[in-house]
Amino acid sequence: MMDETKDSQCLTETQRSCMSSQLTTAQLESIEKRYVCRDGINELVMDFLVCEGFKDVADVFSKEANLKAKLDVEDVEKRMQIREAVEQGDIEGAISCVNDTGSTILQESKQLYFKLRLQQFIELLKTSDTLTAIKFAQVELVPLTEELPELSEHLEQVMGLLAFPDASKSPLSGLLAQGRRQQTASELNHQILSEMNGKLSAT
């Protein structure tokens, strides 16, 4: 009885295996924490994979779990392209891709636009081209903080990286980590998905 209860509350080894090659441990744990019962886990996992843009994993999982994948291939591929651009530090490319989809999310959400440009500023600081980075901040970020003063503290925090000869060894080194790129990419992905779902609901 104990084994049956335990088995009903976790992913099968096959399911975990097919996802672990492309998902981080944190993402797998996120899936399992949302699990309620075996009857509902497969659909819950599928929703997570589609929302996060893991097309290949969703395809494999849907076959293993005998589910019909609810995938809009074009939509998922576009979001994957945008996500990958951010995670690779190509913020300008990501913004271009978002605009190419016809989305107005970056025009409507100045906070989100600021976060992307702030990440771009961080990417410039990583190249050690301090002068270019500062000019970028003056043109792209300062005007936004003047319009939305609550954003100033975020810019000031990142500007703090300039105070260290080697920012990667500073108390602010987390700003340079891959995890920050992933966090920014995930937030952008969710905002785009929310916008798309809103348009579908309105039709």
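Me: Let's start with L148. Leaving aside neighbours within four places in sequence, what is L148 in contact with?

Reply: Setting those neighbours aside, L148 is in contact with K110 and Q111. Keep in mind that this is a predicted model.

Me: Where is L148 placed?

Reply: L148 sits in the loop between α10 and α11, and α11 covers 152-159.

Me: Buried or exposed, that L148?

Reply: L148 has a relative accessible area of 17%, so it counts as buried, since the cut-off for buried is under 20%.

Me: How far apart are L148 and F114?

Reply: In sequence, L148 and F114 are 34 residues apart, while their C-alpha atoms are 9.9 Å apart in space.

Me: OK, on to helices. At roughly what angle do α9 and α10 cross?

Reply: Roughly 160°, and their axes come within 10 Å. Helix α10 is residues 130-147, and helix α9 is residues 110-126.

Me: What does that angle say about their directions?

Reply: Angles over 145 degrees count as roughly antiparallel, so α9 and α10 are roughly antiparallel to each other.

Me: Left-handed or right-handed, the crossing of α9 and α10?

Reply: That crossing is left-handed.

Me: Which residues meet there?

Reply: Quite a list! From α9, the residues include F114, L118, F121 and L125, and on the α10 side they include A133, F136, L141 and L144. By class, the contact of α9 with α10 has 12 nonpolar, 3 polar and 4 charged residues.

Me: New topic: S128. Where is its place?

Reply: S128 is in the loop between α9 and α10. Its phi is near 70°, a positive value in a residue other than glycine.

Me: And is S128 buried or exposed?

Reply: Exposed, because its relative accessibility is 59% and the cut-off for exposed is over 50%.

Me: Last one: how do the axes of α7 and α9 cross?

Reply: Helix α7 is residues 91-100, and its axis comes within 9 Å of the α9 axis, crossing at roughly 155°. That makes α7 roughly antiparallel to α9.

Me: Which residues of α7 meet α9?

Reply: I91, E92 and I95 do, and they meet Y113, L116, R117, Q119, Q120 and E123 in α9. The residues of this contact divide into 4 nonpolar, 2 polar and 3 charged.

Methods
Residues are numbered from 1 along each chain as its sequence is written. This is a predicted model: local features need pLDDT of at least 70, side-chain atom pairs count only at pLDDT 80 or more; totals for chains, interfaces and linings use all residues. Side-chain values use heavy atoms; hydrogens and water are left out. Axes are lines fitted to C-alpha atoms, for helices over the stretch in contact, and angles run from 0 to 180 degrees between N-to-C directions. Helices (H or I, at least four residues) and strands (E, at least two) are DSSP runs, numbered from the N terminus. Angles under 35 degrees count as roughly parallel, over 145 as roughly antiparallel, 65 to 115 as roughly perpendicular and the rest as oblique. Contact means heavy atoms within 4.5 Å. Ala, Val, Leu, Ile, Met, Phe, Trp, Tyr, Cys and Pro count as nonpolar, Asp, Glu, Lys and Arg as charged, and the others, Gly among them, as polar. A crossing is left-handed if the near helix is turned anticlockwise from the far one by less than a right angle, and right-handed if clockwise. Buried means under 20% relative accessible area, exposed over 50%, partly exposed in between (1.4 Å probe, protein chains only).
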